[in-house]
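Thanks, everyone. Let me put the model up, and then we will walk through it.

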Amino acid sequence: ISSTDTDVIVIGAGPAGAAAASRLAREGLRIEVLERDHFPRFSIGESLLPQCMTHLDEAGLLSSVQTADYQLKNGAVFTRDDHETAIDFRDKFSAGWGTTYQVERADFDHRLIRAASEHGARVTFGMTVTDFHPDSERPQLQVTDEAGKQTLLTARFVLDASGYGRVLARQLSLSRDPRLEPRMALFTHVEDHIDDTRFDREKILIGVHPQDTSVWYWLIPFARGRASVGVVGDIDTLSSRGESPEARWQHWIDDEPRFRKLLQGHRLIRPVGSLKGYAADVERLHGPGYALLGNAGEFLDPVFSSGVTIALRSASMAAPLVARQLDGERVDWHTEFELPLRRGIETFRTFVNAWYDGRLQSIIFHDAHPRDLKRMISSVLAGYAWDTDNPFVASPDKHLTTLAQLCGHTHSTPAAPS
Ligand code: FAD
């Protein structure tokens, strides 16, 4: 690879990188994507939100997803003890898509980056970005190939979409306290063999542990009888049982009656994986000659499947700003990118906090909500966390607290994080 003619280097070929590369390449810019791994490769983050569809469309990637034969998704079912609540994303406050997909990320990410490459982005796999020097005119980075050979590259702008690699956050010491408890997830893929006719494959199933409501489960059905199944909780709690990851995962599944019953005929099709302490944040999402996208900037928590939506939205917001800047216009990255992007992230953060402190669980498992309130919550859970016409986006903490009290939530709630 040579960078003498490169306009933008994108670090990482996950959803954020692919969407940014695709959109900028379609604008005629010369884009170089550097990816450490080789695709297809496994990634966690398989349940999309309808808001994603808008951003896939903006990046020119929607048709490659729509032709993939993925499992349709139209909502979420929450289960706790004998209680079950379904939320249908088509019945929502905000305008826009009400359906999306549940995807095996190995295939999804591969499709997106192939489409970006068809739109003109150059993609090189097996290239790890190992150093970075910010500069408003010619930011510079060092890449190391699989033989250990190091090369210095420059471009006119760098987008860091390195996800959990967090390249620029590490290189520039941008990390800050994510303001969320460190948690852990144990997950795998199964042939699910679910024969319960009441089970709705078009919705993610979220379960709550019957005794410890801070432990929760996901079951994400894929096409062709496969599913992703995971459990999330406090690191010490989840690690406390079982000798191997498989034994631990099985132990926790056995604790939740609905999951145990649904999965009684399952067969594991990949080893149980684990991730811990994944919440992350940075002091700022931009600097001289660079911006941070998706998980390379901030990651909250998997409970509302917001990760890919935030990743795609960050790409959708950053790409036109990069194009404008390279065209000689002045861009105020703080007010045009950081503040509006963080606005929706904060909505999700408030919902995540309200899930773990019990307010949101009280709301979700309460049966008799007026329809307009249910539609407002459905909107946020469908990913429309930037629609400030929705009162649960405009002031989420206030509305969640009031509604939780009306639903009988009595525990004291910690102050909203500053
Ligand atoms: P990634 O998808 O992580 O892509 C980053 C890419 O950069 C990778 O391919 C990596 O190899 C590459 N890279 C890293 N370092 C370097 C380097 N130095 N040089 C070159 N390349 C590099 N999100 C959802 O939307 N739905 C879910 O259901 C969901 N479930 C989740 C469950 C768990 C337990 C966790 C932890 C997260 C979950 N997420 C979910 C979040 C989701 O995984 C991420 O938000 C999403 O993958 C972020 O996309 P991205 O493009 O920012 O980064």
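**The sheet and its edges**

Start with the open sheet: 6 strands, mixed pairing, in the order β7-β2-β1-β11-β21-β20. The edge strands are β7 (122-125) and β20 (286-287), and each of these pairs on one side only. A word on terms. Helices (H or I, at least four residues) and strands (E, at least two) are DSSP runs, numbered from the N terminus. Two strands pair if DSSP finds at least two bridges between them.

This is a predicted model: local features need pLDDT of at least 70, side-chain atom pairs count only at pLDDT 80 or more, and totals for chains, interfaces and linings use all residues. Residues are numbered from 1 along each chain as its sequence is written.

β20 and strand β21 (residues 290-292) pair in the antiparallel sense over 2 bridges. There, His 286 stands opposite Ala 291 in β21.

**Confidence**

pLDDT is the predictor's confidence in each residue, from 0 to 100. The chain has a mean pLDDT of 95, with 97% of its residues at 70 or more. For the complex, the predictor gives an ipTM of 0.99 and a pTM of 0.97.

**Domains**

The domain bounds come from an automatic or database domain assignment. The chain divides into domain 1 (8-43 + 63-68 + 101-177 + 279-343), domain 2 (183-276) and domain 3 (355-406). Taken over C-alpha atoms, the centres of domain 1 and domain 3 are 31 Å apart. Their contact takes 5 residues from domain 1 and 4 residues from domain 3. Contact here puts two C-beta atoms, placed from the backbone, within 7 Å. On the domain 1 side, the touching residues are 2 nonpolar, 2 polar and 1 charged. For those classes, Ala, Val, Leu, Ile, Met, Phe, Trp, Tyr, Cys and Pro count as nonpolar, Asp, Glu, Lys and Arg as charged, and the others, Gly among them, as polar.

**The ligand**

Where does the ligand's shell lie? Domain 1 and domain 2 both give residues to the shell, so it lies between them. Of the 39 residues around the ligand, Gly 14, Gly 163, Gly 165, Gly 294 and Gly 307 come nearest. A residue is near a molecule if its C-beta atom, placed from the backbone, lies within 6 Å of it. By class, the shell has 19 nonpolar, 16 polar and 4 charged residues. α1 (15-26), β2 (31-35), β8 (128-133) and α9 (307-326) each supply at least two shell residues. α9 gives the most, with 4 residues.

**Helix α2**

α9 turns up again here. In helix α2 (residues 51-58), Gln 51, Cys 52, Met 53, His 55 and Leu 56 are buried. Their cover includes α1, α3 (62-66), β6 (100-102) and α9. A residue is buried if 20 or more other C-beta atoms lie within 10 Å of its own, exposed if 12 or fewer, and partly exposed in between, with C-beta atoms placed from the backbone. Just after α2, Gly 60 takes a positive phi of about 75°.

**The β4-β5 hairpin**

Last stop. Strand β4 (residues 75-80) and strand β5 (residues 83-88) pair in the antiparallel sense over 6 bridges. Gly 75 has Asp 88 in β5 as its bridge partner. The two strands form a hairpin with 2 residues between them, and Asp 81 in the turn has a positive phi of about 50°.

Now look at Glu 84, in strand β5. Buried or partly exposed? Glu 84 is partly exposed, because 14 other C-beta atoms lie within 10 Å. Not counting residues up to four places away in sequence, Glu 84 touches Val 77 and Thr 79. Its C-alpha atom is 9.7 Å from that of Ile 206, 122 residues apart along the chain.
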